[in-house]
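Subject: The structure, and what was found in it

Dear colleague,

I am handing over the structure below, and after it I go through what was found. Please keep it open beside the text as you read.

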Amino acid sequence: MHWWEETAARIHRTATAANGAQNLWQRLCQAGLDPDLSYLPAYDLAALQALCADLVKLVDGLLEAADGDRAAWRRHALVLLRWSRSAEGWAQATAPAMNRLLDSLDLEPSELAEREEAAEAPQTGADPLPAEQAKLDGRYRHWHLLYERLDLKLSSMGIEERTGRALARTLARLYEECLVTFRLLAGLGREASPRYGATVRLLLQINTSWHFDLGPYVLGPGQARPDGVSAIGLPSWLLLALREAD
């Protein structure tokens, strides 16, 4: 076999986001969504699933670095900075196609209002996730343990307490969001008979989290929220922490 055909065959045997996209698209169609309008969002969701997996692996890699190993911290921080820019670019590029798909759906008035008002909802600046909801979901303990481990690790790298704790909260929040999103998409991909209502709620949840919240306020440098509270994004905390650790 010529190297051309051999390489192409090897690529087709390698699992990629394109494979996941086809699977998600089939599930969206089975749930009753428009095949044309859902095709591009399916690819976008598969790319998001890969981004989520990367973030989890990057944060776990940082936690495995030796305490005080500033060279290792710098390497991980630079890759996390690259990840945040990729994720921000994903949020900006994918919002139009996702919104076109959602606008075509038969949404309940309450769900539509929730989506349209998500960006204006007050945020609890001190907590990275609503405490009561976290307890109900059984996630609070895991989030808090992750935050404490990140806080201790960043402190060992010579990062000032205020910066380290803010960065630890941001990373822990993103880690949790990535776990939730990955689980949702993996579940949809395994669903034999996806239901319309459950699929729409999944899309609304991901759209609200990544396009209306994380995209503008966490993945980028940050900006003021509609309620006037200033939000500092992951890239800004990473750059500040890199400067302090040098």
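Tyr-147 has a relative accessibility of 12%, and since buried means under 20%, Tyr-147 counts as buried. Please keep in mind throughout that this is a predicted model. The partner of Tyr-147 is Trp-143, and because the two ring centres are 5.5 Å apart while the ring planes stand at 5°, the pair is stacked. Both residues belong to helix H7, which covers residues 140-156, and they sit four residues apart, about one turn of the helix. Trp-143 is also counted as buried, because its relative accessibility is 8%.

How many aromatic pairs does the structure hold? There are four of them, and a second one worth looking at is formed by Trp-25 and Tyr-39, whose ring centres are 5.0 Å apart and whose planes meet at 90°, so this pair is edge-to-face. Because Trp-25 lies in helix H2 (residues 17-30) and Tyr-39 in helix H3 (residues 35-64), the pair ties together parts that are 14 residues apart in sequence. Trp-25 is partly exposed, with a relative accessible area of 23%, and Tyr-39, at 33% relative accessibility, counts as partly exposed. Together with Tyr-43, Trp-25 and Tyr-39 make up one aromatic cluster.

The protein chain has 10 helices and two strands, and when they are read from the N terminus on, their order is α-α-α-α-α-α-α-α-α-β-β-α. Of its 246 residues, 43% count as buried.

Two helix contacts come next, and helix H9 takes part in both. The axes of helix H4 (residues 70-103) and helix H9 (residues 196-219) come within 9 Å and cross at roughly 140°. That angle makes H4 oblique to H9, and the crossing of the two helices is left-handed. On the H4 side the residues that meet H9 include Trp-83, Ala-87, Trp-90, Ala-91, Met-98 and Leu-102, while those on the H9 side include Leu-203, Leu-204, Asn-207, Trp-210 and His-211. Sorted by class, the residues of this contact divide into 12 nonpolar, six polar and one charged.

Helix H8 (residues 161-190) also packs against H9, at an angle of about 155° and with the axes 11 Å apart. Are H8 and H9 roughly parallel or roughly antiparallel to each other? Angles over 145 degrees count as roughly antiparallel, and H8 and H9 are therefore roughly antiparallel. The crossing of H8 and H9 is left-handed. Among the residues of H8 that make the contact are Arg-173, Leu-174, Glu-177, Leu-184 and Leu-188, and among those of H9 are Leu-202, Ile-206, Trp-210, Asp-213 and Leu-214. By class, the contact of H8 with H9 has 12 nonpolar, five polar and three charged residues.

Leu-45 lies in helix H3, and because its relative accessible area is 1%, Leu-45 is buried. Which residues is Leu-45 in contact with, leaving aside its neighbours within four places in sequence? They are Leu-24, Met-98, Leu-185, Leu-203 and Ile-206.

Glu-244 counts as buried, because its relative accessibility is 18%. Not counting residues up to four places away in sequence, Glu-244 touches Gly-158, Ile-159, Glu-160 and Thr-163. Glu-244 and Gly-158 are 86 residues apart in sequence, while from C-alpha to C-alpha they are 7.1 Å apart in space.

Technical notes:
Residues numbered from 1 in each chain as written. Predicted model: local features only at pLDDT ≥ 70, side-chain atom pairs only at ≥ 80, totals over all residues. Heavy atoms only, no water. Axes fitted to C-alpha atoms, helices over the stretch in contact; angles between N-to-C directions. Parallel < 35°, antiparallel > 145°, perpendicular 65-115°, else oblique. Left-handed = near helix turned anticlockwise from the far one by under 90°. Contact = heavy atoms within 4.5 Å. Nonpolar A, V, L, I, M, F, W, Y, C, P; charged D, E, K, R; others polar. Phe/Tyr/Trp six-rings, centres within 6.5 Å; stacked < 30°, edge-to-face > 60°. Buried < 20%, exposed > 50% of the residue type's maximum accessible area, 1.4 Å probe, protein only.
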